[in-house]
Amino acid sequence: MPSLTAIAVTGFASAIALAAATRHPAVQSVDDALEVRAGRARALQNVLRAAHIGTLPGEPYMHPTIGAASAALILLTRRAPFLPVLAALAAASIGAILAHHAVKLVYRRPRPAIALARGKTEPAYPSGHTTDATAVLATSAFLIMQQGIAPAIIVLPIAVALALVTGVSRVLLGWHWPTDVLGGWCTGIAVAACAAGLYEMLLRIS
């Protein structure tokens, strides 16, 4: 299994490489085509309602709530070391926010036309909702498995499904290009690996 350092480096490197790739006309043409398909799906009320629900894990108030709930579950059921658990989950949430904003300071990719029409001018890449949700969900899954609360066969599919749904919802709602979401997944995984590494380091010295 790859080390946490390798996962973090690969995730950040992939996000940077993908950012560069989105500047190529061929990649943008794929995003354009997928946005057209998303626009057709967006016209269906059931799809739109589902997308509004699916985007919730990435909302600014929700990913810290997921982290807090995960911390409570771990600390109450296993009496795990307090500081390593809280530090890891806080690092996942805050680190994800800092990471995607840092990229947006450098790469100011325009949003899809529908988002611009709604007045959303913040840079598109990577998707902040996707980054935040992925980082917190992956870190929560790591800690829950590490503490033996639930096996990987249960925890991982749930975390992956929620992260996938969050990302897809951002495209269906018209806020992001598909490659913004891919970049969010890469960045979120990288941040989660860093948070897990922080947990292991604090565990060793506590």
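Student: Of the residues in the largest nonpolar core, which touch the most other members?

Tutor: This is a predicted model, in which local features need pLDDT of at least 70 and side-chain atom pairs count only at pLDDT 80 or more, while totals for chains, interfaces and linings use all residues. Residues are numbered from 1 along each chain as its sequence is written, and side-chain values use heavy atoms, without hydrogens and water. A nonpolar core is a set of buried Ala, Val, Leu, Ile, Met, Phe, Trp, Tyr and Cys residues joined through side-chain atoms within 4.5 Å; buried means under 20% relative accessible area, exposed over 50%, partly exposed in between (1.4 Å probe, protein chains only). Of the 22 residues in the largest core, those touching the most other members are Ile74, Val85, Leu137, Leu143 and Tyr199.

Student: Which helix gives the most to this core?

Tutor: Helices are DSSP runs (H or I, at least four residues), numbered from the N terminus. At least two core residues come from each of H4 (62-78), H5 (82-106), H7 (128-146), H8 (152-172) and H9 (178-205). With seven residues, the one that gives the most is H7.

Student: Why do the buried residues of H1 line one face of the helix?

Tutor: In H1, the buried residues are Ala8, Gly11, Ala15, Leu18 and Ala19. The face turned away from them carries exposed Thr5, Val9 and Ile16. Taking directions from the helix axis to the C-beta atoms, the buried residues of H1 line one face because they fall within an arc of 105°.
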